[in-house]
Amino acid sequence: MAGASAPKRQDTRKFFENLSGAGKSIAVLTSGGDAQGMNAAVRAVVRMGIYVGAKVYFIHEGYQGMVDGGDNIKEAKWESVSSMLQVGGTVIGSARCKDFRTHEGRLKAAHNLVQRDITNLCVIGGDGSLTGANLFREEWSSLLEELLQQGLIDEEATQRNSELHIVGMVGSIDNDFCGTDMTIGTDSALHRIIEVVDAIMTTAQSHQRTFVLEVMGRHCGYLALVSALACGADWVFIPEMPPEDGWEDNMCQKLSENRADKKRLNIIIVAEGAIDRHNKSITPDYIKDLVVRRLGFDTRVTILGHVQRGGTPSAFDRILASRMGVEAVLALLEASANTPACVVSLVGNQAVRLPLMECVQMTQEVQKAMDEKKFDEAVRLRGRSFENNLSTYRLLSFRKADSELPNSSFNVAVMNVGAPAAGMNAAVRSAVRVGITEGHKMFAVNDGFEGFYKGQIKEIKWGDVGGWTGQGGSLLGTKRTLPGKHLDKIAEQMRIHNINALLVVGGFEAYVGLLELSAARDKYEEFCVPMVMVPATVSNNIPGSDLSIGSDTALNAITDTCDRIKQSASGTKRRVFIIETMGGYCGYLATVGGLAAGADTVYIYEEPFDIRDLQANVEHLTEKMKTSIQRGTGAQPVALVLCFRNENCNENFTTDFIYQLYSEEGRGVFDCRKNILGHMQQGGAPSPFDRNFGTKIAAKAMQWITRTLKESYKGGRVFANSEETACLLGMRRRTLVFQPVAQLRDETDFVHRIPKEQWWLKLRPLMKILAKYKTSYDVSDSGQLEHVTRVRPKDSNTSTAI
């Protein structure tokens, strides 16, 4: 992240420099249950607000602090939010407030805001908190009138504060708010659940036990459903879709079948609000007693409780909250008297603004549908993400009898290519099980294209992929070998095993390999079969997809390490760490990891920098070190600054060079350390996001293979040689899209192995702003208020958020 920003081009883009906060006051509060990531949202609101020239206030203890006033409402400084990015919970406090539900309470709150000329409110909380904020806004004029009549404020103050603008961000671990794919805190809660499940699975396996786990979700089964999907649970109970009558028999039959298949453990996940079709509660103890009575299995119950709310926020939540916080300030700056209260939210990979009350009403409709036992309607109202999760779970968890399977007579091969990435195994498991359900015979290719031409191909069955979701690396084995030099042998193996379709899970080598195979179709008829690639690489450098399997796990490895580095330096004053990340020439990990870790500077290949930029960064750091920054209790000079460098960002300005430059130029002001993160970014158990993303995207790819096989089966054989039959399935903004690899060729920089255009470059100015650099920020994508969509086309099965 060079200090100087590039000159603005004359074009149609809209820049936030035109939006001034001068003369405006913004207050931020957290309300209701706490959620990891709330602090990152508060930090982004404070820093963006100050950056645009507004005054920003903390309201401590939620609405209670607004009602009580006094020291609960304090002006925030830039330094007030230092070192809070990695802290769980909410450092400005949250409280359930009965007073704010009364007219008198809201009148006191209005008086406290008017005294400080606060007319812009950013509320971070659940649907109850946001509904209260909207009511407050609707009453604002009458509250001011009342205060004027009581002589508590004058006419001038009434005029000055005549409009109250409200923007909400949803902080809720339950992900129970309609209109957004993910709420702040949900991903971190899933991390806590999956950590516990992974730990429990090892002990359960040792003793051949059944474990019943209760997770939070009184009215929403999202956490239960996604954690079941992410760990391959045997059974899940959620309030939106109660089991059919007679579920006790079905569940016990499934558990005993799994044991008969030599599976040594069973995992059952229960949402705390789980019910049967007659609205009767299904409790973990009831399930335990049932399993013990019917099957005699050694069964234990674990209730996770508030563990799910605790701990540090995940990388996803930090980035989500930072993006949402900046978007919330932009929404407040652009608000007019006619703008309804809005909520900033995430759909796919896109930040959007939605009318607050539309979202609240839809959320309330879900509960109404559940009360009326319209469970299919409740699932539909929850949104695409929830529907996709439920349909994928059903597809993968319930094995049909062989007699019930369609007999397709097609052979489908699945393989990993390139460097290992966490989540590859979840994708392979999903592809194998969906393929078997669709009636295909599935084959596993070991060791990528190298194993392919050597004939390392064998049939893989349903039970062979059990327990794969939580495994890191690649259980099939993966190599970087390209197929170009071995086309004869690969074609021969495809002929020997009669392979009718190919699913490749991998990185840039997988993409190039698919290009080589499809280009050789004229010469080799064996390659005239449907081929699809699912992107899996920590570098996230595949053209045609905004996200890759494995990159979220790598980001969490980076942020976890940075948190430890910060802790190691907590007693050291004025220290700068130069941290080198993976990614080849792609700066995704460095940039997004830098945003999640609160880095001051990030150097990447895509944004060229020179010695003058390095000098400007050193001067910026030196200035920062001399400024007092609040860290915990009491003020002291900056203890730690992180500077990220992508491994191939510049052949001359190496990590050693930057380290030595900073050490020399910062002499007497700060000292310097370096840390090369290396292969730890590729290792470890996959994050919940990567497990789920891999599972869903591979299932969708396999369904495409089935459709394409049927379309290309003519005259007793499969023949597919059009561009559309060699595809990459990638996420573009809000949708999962199948794109012919041949058409992606023009979008690719093959020398540097990166796409020519990359969406995340738009996040770089946001990171610079949060580090106090003057920069230009394109806000063309922001701004337009959308509406909550109620009925979606059946084929728009697009959402990838977990």
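1. Basis of the note. The model is a predicted one, in which local features need pLDDT of at least 70 and side-chain atom pairs count only at pLDDT 80 or more, whereas totals for chains, interfaces and linings use all residues. Residues are numbered from 1 along each chain as its sequence is written, and side-chain values use heavy atoms, with hydrogens and water left out.

2. The sheet of seven strands. Helices (H or I, at least four residues) and strands (E, at least two) are DSSP runs numbered from the N terminus, and two strands pair if DSSP finds at least two bridges between them. On that basis there is an open sheet of 7 strands, in the order S14-S13-S12-S15-S16-S25-S26, with mixed pairing. Strand S14 (457-459) and strand S26 (735-740) stand at the edges with a single partner strand each, so one side of each has no neighbour in the sheet. From one strand to the next the twist averages 25°, where axes are lines fitted to C-alpha atoms, for helices over the stretch in contact, and angles run from 0 to 180 degrees between N-to-C directions.

3. Strand S16 (residues 531-535) pairs with strand S25 (residues 726-732) in the parallel sense over 3 bridges, and Met 533 has Leu 728 as its bridge partner in S25. Helix H14 (residues 424-437) packs on the sheet, touching strand S12 (411-417), strand S13 (441-445) and strand S15 (501-506), and the direction of H14 makes about 175° with that of S12. Helix H17 (residues 508-519) also packs on the sheet, where H17 touches S12, S15, S16 and S25 and its direction makes about 170° with that of S16. Contact here means heavy atoms within 4.5 Å.

4. Ser 712. This residue lies in helix H22 (residues 688-712), and Ser 712 counts as buried because its relative accessibility is 7%; buried means under 20% relative accessible area, exposed over 50%, and partly exposed in between (1.4 Å probe, protein chains only). Beyond its neighbours within four places in sequence, Ser 712 is in contact with Pro 530, Arg 717, Val 718, Phe 719 and Ala 720. Pro 530 is 182 residues apart from Ser 712 along the chain, yet their C-alpha atoms are separated by 8.3 Å. The side chain of Ser 712 also reaches the backbone oxygen of Thr 708 at 2.6 Å.

5. Gln 208. In contrast to the helical setting of Ser 712, Gln 208 is found in the loop between H6 and strand S6 (210-215), and at 38% relative accessibility Gln 208 counts as partly exposed. Leaving aside neighbours within four places in sequence, Gln 208 is in contact with Arg 259, Arg 264 and Asp 298.

6. Strand S8. All 6 of the 6 residues of strand S8 (residues 266-271) are buried, so the strand is largely enclosed by the rest of the structure. Asn 266, Ile 268 and Val 270 point one way from S8, while Ile 267, Ile 269 and Ala 271 point the other way. S6 and S8 run parallel and are joined by 6 bridges, with Ile 268 as the bridge partner of Val 212; strand S7 (residues 235-237) is joined to S8 by 3 bridges, again parallel, and Trp 235 stands opposite Ile 268.

7. Strand S17. Strand S17 (residues 575-581) is mostly covered, with 7 of its 7 residues buried. S17 and strand S22 (residues 671-676) run parallel and are joined by 6 bridges, and in S22 the bridge partner of Ile 579 is Asn 675.

8. Pocket and cavity. On a 1 Å grid over the protein atoms alone, a cavity is a set of points where a 1.4 Å probe fits but cannot get out, and a pocket is an open set with protein on both sides within 12 Å along at least five of seven lines, lining residues having an atom within 4 Å of a point. Grid points are joined across faces, edges and corners, and a volume is the space filled by probe spheres set on the points. The second largest pocket has a volume of about 1100 Å³, and of its 39 lining residues the closest to its centre are Asp 234, Asn 258, Lys 263, Arg 433 and Trp 462. The largest cavity holds about 260 Å³ of space and is lined by 20 residues, with Phe 316, Asn 349, Leu 547, Tyr 588 and Phe 689 nearest its centre.

Note on methods. Polar contact = N/O pair within 3.5 Å; in protein donor to acceptor, adjacent residues only side chain to side chain.
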